[in-house]
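Here is a friendly briefing on aromatic contacts and pockets. Please have a look at the structure first, and then we can walk through it together.

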Amino acid sequence: MKVMLKDGSCKEYAEPMAVADIAKDISEGLARVACVAELDGEVVDLRTVVDGEHELNILTFDSDEGKAAYRHTAAHVLAQAVKRMYPEAKCAIGPSIQDGFYYDFDMESLDREALDKIEKEMKKIVKEAAQLERFTLPRNEAIELMKKRDEPYKVELIEDLPEDAEISFYQQGEYIDLCAGPHLMSTKPLKAMKLISSSGAYWRGNEKNKMLTRIYGTAFTKKADLDIHLAHLEDIKKRDHNKLGREMEIFTTVDVIGQGLPLLMPNGVKIIQKLQRWIEDEEDKRGYMRTKTPLMAKSDLYKISGHWDHYKEGMFVLGDEEKEKEVFALRPMTCPFQYYVFKAGQKSYRDLPCRYGETSTLFRNEESGEMHGLTRVRQFTISEGHLIVRPDQMVQEFKDCLALAKYCLQTLGLEEDVTYHLSKWDPENPEKYIGDPEVWDETEQHIRTVLTELGIPFTEDVGEAAFYGPKVDINARNVYGKDDTMITVQWDALLAEQFDMYYIDENGDKVRPYIIHRTSIGCYERTLAWLIEKYAGKFPTWLCPEQVRVLPISEKYAQYAEQVREELADHGIDVTVDNRSEKIGFKIREARLKKIPYMLIVGQKEQEEHVVSLRSRYKGEEGQIPLDDFIRDIVEEIRTKEIRKIEVEAGGDHGE
């Protein structure tokens with residue numbers, strides 16, 4: 001038996017050997033930290049017996065595969081602890097995930113005290129150092145075993161497996177779990193574990209199924225690494241837009257209004273308003289023509305576009321097709337409406353490109369389990385646009401759309417936080433799309449070439465295209481590690497045919513145009529959530545709903561404070577005065593908690609000399625400055641949309 005190792009060396013043995021024994025033969029140290037192995041490219045248990053000639057790579061916790069096996073084993077320890085403490089609990093699934101693991105149980109909800117008790121039981125199980133034993137059973141015996149152990153969710157999973165599937169189990173002590181593996185050899189290597197939280201989760205992610213209790217946890221080989229991770233989680237909590245956005249009075253939700261229908265509060269509206277005005281002005285500079293189209297349309301429109309056949313379940317339909325002549329639906333997109341703006345008059349080749357832009361309110365019937373804060377909602381507003389172009393204009397216009405998206409990201413300080421994806425059709429499921437395979441292959445290649453020419457790194461995602469065309473998705477990851485699409489630029493060579501769109505070329509012939517569907521900043525609500533998390537609520541000054549707060553030291557200086565406010569407001573600065581009869585130290589702390597960029601403290605000297613004492617979140621105490629100088633500086637900062645670096649956290653209190 002011969003194995004080729006990752007470093008190019010070769011090991012030969014007279015008899016078949018388990019991977020664990022091979023690791024031990026290579027190095028005792030390696031054997032101690034080994035989690036799993038890669039055998040001819042496939043991740044396997046260390047207990048796997050090797051025979052013949054193979055390529056072998058021993059994997060430790062430092063690898064993604066090693067972490068996954070380590071944490072998957074921790075998930076089984078969690079399940080064993082839960083079953084010991086709550087024998088009536090039913091086990092569902094328990095995979096490893098990025099940075100940890102979870103396990104779903106059919107049981108009562110759990111508080112922090114309960115999680116701590118389960119965690120203690122997990123540590124006891126680890127000390128028992130039980131070996132994980134793998135075994136397989138025929139289908140009928142596997143079902144019988146899980147029925148005997150009263151695990152209905154496992155029975156359902158087995159029944160859904162193919163008839164010829166190998167059905168494997170892992171056992172540690174008294175606990176047996178249906179599992180494909182791989183796992184650690186025993187529970188002993190598990191060192192630093194922590195249960196993070198508990199929440200509800202629908203069985204198999206379907207809201208029609210029963211709500212289960214999901215327990216999240218994580219595990220590391222060193223306590224120091226766990227402590228770093230827990231500190232990171234605390235930072236995430238501080239940045240979570242769903243929490244911080246409510247604390248900052250940016251948005252709220254109300255049960256009687258409905259899930260996925262957030263209420264933007266005055267602070268949130270102010271930020272959205274600034275973003276929207278900026279985007280509309282920028283699009284106007286780039287030759288866009290603004291449209292305003294209805295929020296709903298008859299089903300006839302969506303049948304022409306194909307949305308009725310391909311996207312109806314994601315729409316809010318008003319009326320019953322079987323009972324009413326006219327059935328309407330709230331619009332999930334603006335494209336078919338803007339096509340009719342184009343069709344309202346005959347176009348020559350000289351009229352193209354037609355760049356239509358609209359700040360569109362859209363509606364999508366998201367499943368309740370998918371909605372979260374502002375990132376996924378049922379009503380949202382988007383910087384939507386459609387470019388009707390000649391085929392010879394398509395490549396350059398597509399590049400210009402990407403350039404606009406990059407400019408928006410750069411201005412917001414978000415460019416380094418995104419990844420680019422070529423979202424392609426799935427040729428294995430052609431029924432999900434319109435158009436011939438040749439058209440899809442050609443348009444995907446055009447996008448591939450554009451991204452390559454622009455030097456933009458990208459990945460290719462099969463099955464992520466819209467039903468009528470491939471696209472570039474610009475994705476960002478939220479604080480919890482989930483990717484969301486922020487901006488889309490889509491190549492469409494098909495819908496012009498559906499809507500009988502044409503222009504007259506230089507020969508007087510009718511020609512089908514191409515269409516680019518694009519956003520410049522994407523969904524405003526989702527972008528706002530992204531900005532909250534990116535800046536932990538400390539937005540660039542130009543975006544802040546309150547940019548300056550004037551703080552008079554006492555009531556004697558209220559008139560001067562109001563004079564300062566008026567001069568700032570005359571220059572378009574969002575400013576307020578804190579006239580409360582509180583100590584100045586209290587007012588400063590309040591302003592800091594509100595994450596206001598600038599505080600102007602005014603008293604007798606400031607009033608006499610027409611100056612202000614400047615305190616900023618960027619440099620802390622900056623001393624006295626002429627009011628005109630401050631106005632000049634902040635107006636320029638807002639005009640250029642500067643993203644200033646926070647050098648010090650303002651500390652200490654004026655006048656104390």
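How many aromatic pairs does the structure hold? The structure holds 19 of them, where rings of Phe, Tyr and Trp (its six-membered ring) pair if their centres lie within 6.5 Å, and planes under 30 degrees apart count as stacked, over 60 as edge-to-face and the rest as tilted. This is a predicted model, in which local features need pLDDT of at least 70 and side-chain atom pairs count only at pLDDT 80 or more, while totals for chains, interfaces and linings use all residues. Residues are numbered from 1 along each chain as its sequence is written, and side-chain values use heavy atoms, with hydrogens and water left out.

**Aromatic pairs**

- Tryptophan 425 and tryptophan 440 are stacked, at 5.5 Å centre to centre with 15° between the planes.
- Tryptophan 425 sits in the loop between β24 (418-424) and α14 (437-453), and tryptophan 440 in helix α14, 15 residues apart; helices (H or I, at least four residues) and strands (E, at least two) are DSSP runs, numbered from the N terminus.
- Tryptophan 425 is buried at 7% relative accessibility, and tryptophan 440 is buried at 1%; buried means under 20% relative accessible area, exposed over 50%, partly exposed in between (1.4 Å probe, protein chains only).
- Tyrosine 598 and phenylalanine 630 form an edge-to-face pair, 5.4 Å centre to centre with 75° between the planes.
- Tyrosine 598 lies in strand β33 (residues 598-602) and phenylalanine 630 in helix α20 (residues 627-640), so their pair ties together parts 32 residues apart in sequence.

**A cluster and a charge**

- Phe61, Tyr70 and Phe220 make up one aromatic cluster.
- Over the ring of phenylalanine 61 sits the charged end of lysine 67, 5.0 Å from the ring centre; this requires NZ of Lys or CZ of Arg within 6 Å of the ring centre and within 35 degrees of the ring normal.

**Pockets**

- The largest pocket holds about 1,900 Å³ of space; on a 1 Å grid over the protein atoms alone, a pocket is an open set of points where a 1.4 Å probe fits, with protein on both sides within 12 Å along at least five of seven lines, and lining residues have an atom within 4 Å of a point. A volume is the space filled by probe spheres set on the points.
- Of its 49 lining residues, Ser199, Arg214, Tyr216, His372 and Tyr480 lie nearest the centre of the largest pocket.
- β14 gives the most to that lining, with six residues.
- The second largest pocket holds about 1,600 Å³, and β27 provides the largest share of its lining, seven residues.
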